[in-house]
Amino acid sequence: MANLYKTLDDFISYMYDKRSGSDATSDSYYRDVARFIAYMEDNNVTDFKKVDKSFVFDYINELRSGDITRSKISNSTYARNMSSLRSFYRYLCERD
């Protein structure tokens, strides 16, 4: 599982190197993707390549409903989470 977080750390370093976004954006992206990784761990998924569309839809539904965060999230927080995941998966696609 540490490998998942190492990949997240690499992604954040990549963002800093590209200078894409502010420190606050990087911090938010880290939290958002770390939450997704925790969801993966809770569901015994140990590799990003094993995440399929159905898994992501389940995550999004649980995130939106507040099941993951223990309270409903705002539209802007939801949109940022989606942006975080899109950016992260773009990074993974470029990397692999």
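Over the ring of which residue does the charged end of Arg64 sit?

**View 1. Arg64 over an aromatic ring.** The ring belongs to Tyr78, and the charged end of Arg64 sits over it, 4.3 Å from its centre. A charge sits over a ring if NZ of Lys or CZ of Arg is within 6 Å of the ring centre and within 35 degrees of the ring normal. The model is predicted: local features need pLDDT of at least 70, side-chain atom pairs count only at pLDDT 80 or more, and totals for chains, interfaces and linings use all residues. Residues are numbered from 1 along each chain as its sequence is written, and side-chain values use heavy atoms, with hydrogens and water left out.

**View 2. The aromatic pair of Phe11 and Phe88.** Eleven aromatic pairs are present in the structure. Rings of Phe, Tyr and Trp (its six-membered ring) pair if their centres lie within 6.5 Å; planes under 30 degrees apart count as stacked, over 60 as edge-to-face and the rest as tilted. Phe11 and Phe88 make an edge-to-face pair, at 5.2 Å centre to centre with 80° between the planes. Phe11 belongs to helix α1 (residues 2-18) and Phe88 to helix α4 (residues 75-95), so the pair ties together parts that are 77 residues apart in sequence. Helices (H or I, at least four residues) are DSSP runs, numbered from the N terminus. Both Phe11 and Phe88 are buried; buried means under 20% relative accessible area, exposed over 50%, and partly exposed in between (1.4 Å probe, protein chains only).

**View 3. The aromatic pair of Phe36 and Phe55.** The ring centres of Phe36 and Phe55 are 6.1 Å apart and their planes lie at 75°, so this pair is edge-to-face. With Phe36 in helix α2 (residues 23-42) and Phe55 in helix α3 (residues 53-65), the pair ties together parts that are 19 residues apart in sequence. Phe36 is buried at 1% relative accessibility, and Phe55 is buried at 11%. One aromatic cluster includes Phe11, Phe36, Phe55 and Phe88 among its members.

View 4. A salt bridge is a side-chain nitrogen of Lys or Arg within 4 Å of a carboxyl oxygen of Asp or Glu. Asp32 forms a salt bridge with Arg80 (2.8 Å, N to O). This pair links distant parts of the chain, Asp32 in helix α2 and Arg80 in helix α4, 48 residues apart. Asp32 also meets Arg35 in a salt bridge (3.8 Å, N to O). Asp32 is buried at 1% relative accessibility, whereas Arg35 is partly exposed at 25%.

Note on methods:
Helices (H or I, at least four residues) and strands (E, at least two) are DSSP runs, numbered from the N terminus.
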